[in-house]
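Here is a short report for a reader new to this structure. Look over the sequence and the model, then read on.

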Amino acid sequence: MSGRFPDFLSIIPAINSIQTRATVYADDFIKACKRAKIFARDNAANSSKIIFQPATADNEPGQINVSGKSAE
């Protein structure tokens, strides 16, 4: 492709600048990923999402959301 495009590097943070740490129960996390995979394999993209939400300032715990999306 030719043409002028916005400087996407200034919009998307560098991978090295992102630091995330999560402590999870491995069995529960694996089970959630396997359940999401059931829906994701029906999708043309065959993909799942894992979204990390950090803890809040008032000491509420963070969350990890695992999802798979089906075409149906």
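## Contacts along the chain

This is a predicted model. Take the contacts in the protein with a separation of 6 or more: residues 24 or more positions apart account for 40% of them.

One pair shows such a separation along the chain. R35 and G68 are 33 residues apart in sequence. Their C-alpha atoms are separated by 7.9 Å.

## Overall layout

The protein has 1 helix and 2 strands. Along the sequence they follow the pattern α-β-β. The helix α1 covers residues 26-40.

## Surface and burial

The protein has 72 residues, and 4% of them count as buried. It exposes about 7100 Å². Carbon and sulfur atoms supply 55% of that area.

## A nonpolar patch

Which residues form a nonpolar patch on the surface? They are F8, L9, I11 and I12. Together these four have about 480 Å² of accessible area.

F8 lies in the segment before α1. Is F8 buried or exposed? Its relative accessibility is 53%, so F8 counts as exposed. The cut-off for exposed is over 50%.

## R35 in the helix

R35 sits in helix α1. Its relative accessible area is 51%, so R35 is exposed as well. This is the residue whose C-alpha atom is 7.9 Å from that of G68.

How values were computed. Residues are numbered from 1 along each chain as its sequence is written. This is a predicted model: local features need pLDDT of at least 70, side-chain atom pairs count only at pLDDT 80 or more; totals for chains, interfaces and linings use all residues. Side-chain values use heavy atoms; hydrogens and water are left out. Patches are made of residues with over 30% relative accessible area and no salt bridge: like charges are joined within 9 Å, nonpolar side chains (Val, Leu, Ile, Met, Phe, Trp, Tyr) within 5 Å. Accessible areas come from the Shrake-Rupley method with a 1.4 Å probe; for residues, only the protein chains shown count as cover. A salt bridge is a side-chain nitrogen of Lys or Arg within 4 Å of a carboxyl oxygen of Asp or Glu. Helices (H or I, at least four residues) and strands (E, at least two) are DSSP runs, numbered from the N terminus. Buried means under 20% relative accessible area, exposed over 50%, partly exposed in between (1.4 Å probe, protein chains only). Contact means heavy atoms within 4.5 Å.
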